[in-house]
Amino acid sequence: MALSKTFVKSRSLFKVTFTLPAEEVDSAKKVAVVGEFNGWDPEQATTLKKQKDGSFKGTVELTAGEYQFRYLLDNEKWQNDGAADKYVPAGVNAEENSVVVL
């Protein structure tokens with residue numbers, strides 16, 4: 001798992017690349033990143049593209065701030081990012097959400 005952040009000065013925003021390695025995906029056919037930046041709506045989620053090595057990768061443009069997110073595999077299984085900047089309680093059971101800080 002990895003988060004890559006690049007500041008785009010001309011647009012005053014960050015390009016955040018979310019990567020979920022093949023070993024974390026299991027047999028999932030579809031991986032999306034869902035979070036505060038898309039209203040936690042799976043229909044508005046950014047679908048990650050499968051790479052040749054089996055990992056999934058996608059980029060979201062965000063303004064500075066902190067954003068909670070999780071990965072959604074095959075519209076069924078939620079997964080955190082092991083390389084997130086921090087984690088916060090999700091408010092559901094004992095689960096946590098990943099957080100990216102920009």
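Glu95 counts as partly exposed, because its relative accessibility is 35%; partly exposed lies between buried, under 20% relative accessible area, and exposed, over 50%, with a 1.4 Å probe and protein chains only. This is a predicted model, in which local features need pLDDT of at least 70, side-chain atom pairs count only at pLDDT 80 or more, and totals for chains, interfaces and linings use all residues. Residues are numbered from 1 along each chain as its sequence is written, and side-chain values use heavy atoms, with hydrogens and water left out.

What does Glu95 pair with in a salt bridge? The partner is Arg70, at 2.7 Å from N to O. A salt bridge here is a side-chain nitrogen of Lys or Arg within 4 Å of a carboxyl oxygen of Asp or Glu. Strands are DSSP runs of E, at least two residues, numbered from the N terminus.

Now Arg70 itself. Strand 6 covers residues 66-73. Arg70 counts as buried because its relative accessibility is 9%. Its side chain also makes a polar contact of 3.1 Å with the side chain of Asn80, and reaches the backbone oxygen of Glu96 at 3.5 Å. A polar contact is a pair of N or O atoms within 3.5 Å; within protein, one must be able to donate a hydrogen and the other to accept it, and residues adjacent in sequence count only if both atoms are side-chain atoms. Beyond four places in sequence, Arg70 is in contact with several residues, including Trp40, Trp78 and Ser98; contact means heavy atoms within 4.5 Å.

On to the other salt bridges. The whole structure has 6 of them. One of these joins Lys5 and Asp85, with the closest N and O atoms 2.6 Å apart. Lys5 is in strand 1 (residues 2-8) and Asp85 in the loop between strand 7 and strand 8 (86-89), 80 residues away. Lys5 is partly exposed at 34%, and Asp85 is partly exposed at 37%.

Glu61 and Lys15 form another, at 3.9 Å. This one links strand 5 (residues 56-62) to strand 2 (residues 13-20), across 46 residues. Arg11 joins Lys15 and Glu61 in a network of salt bridges.

Last, Lys77, in strand 7 (residues 77-79). At 40% relative accessibility, Lys77 is partly exposed. Its side chain makes a polar contact with that of Asp26 at 3.3 Å.

Terms used
Helix = DSSP H or I, 4+ residues; strand = E, 2+ residues; numbered from the N terminus.
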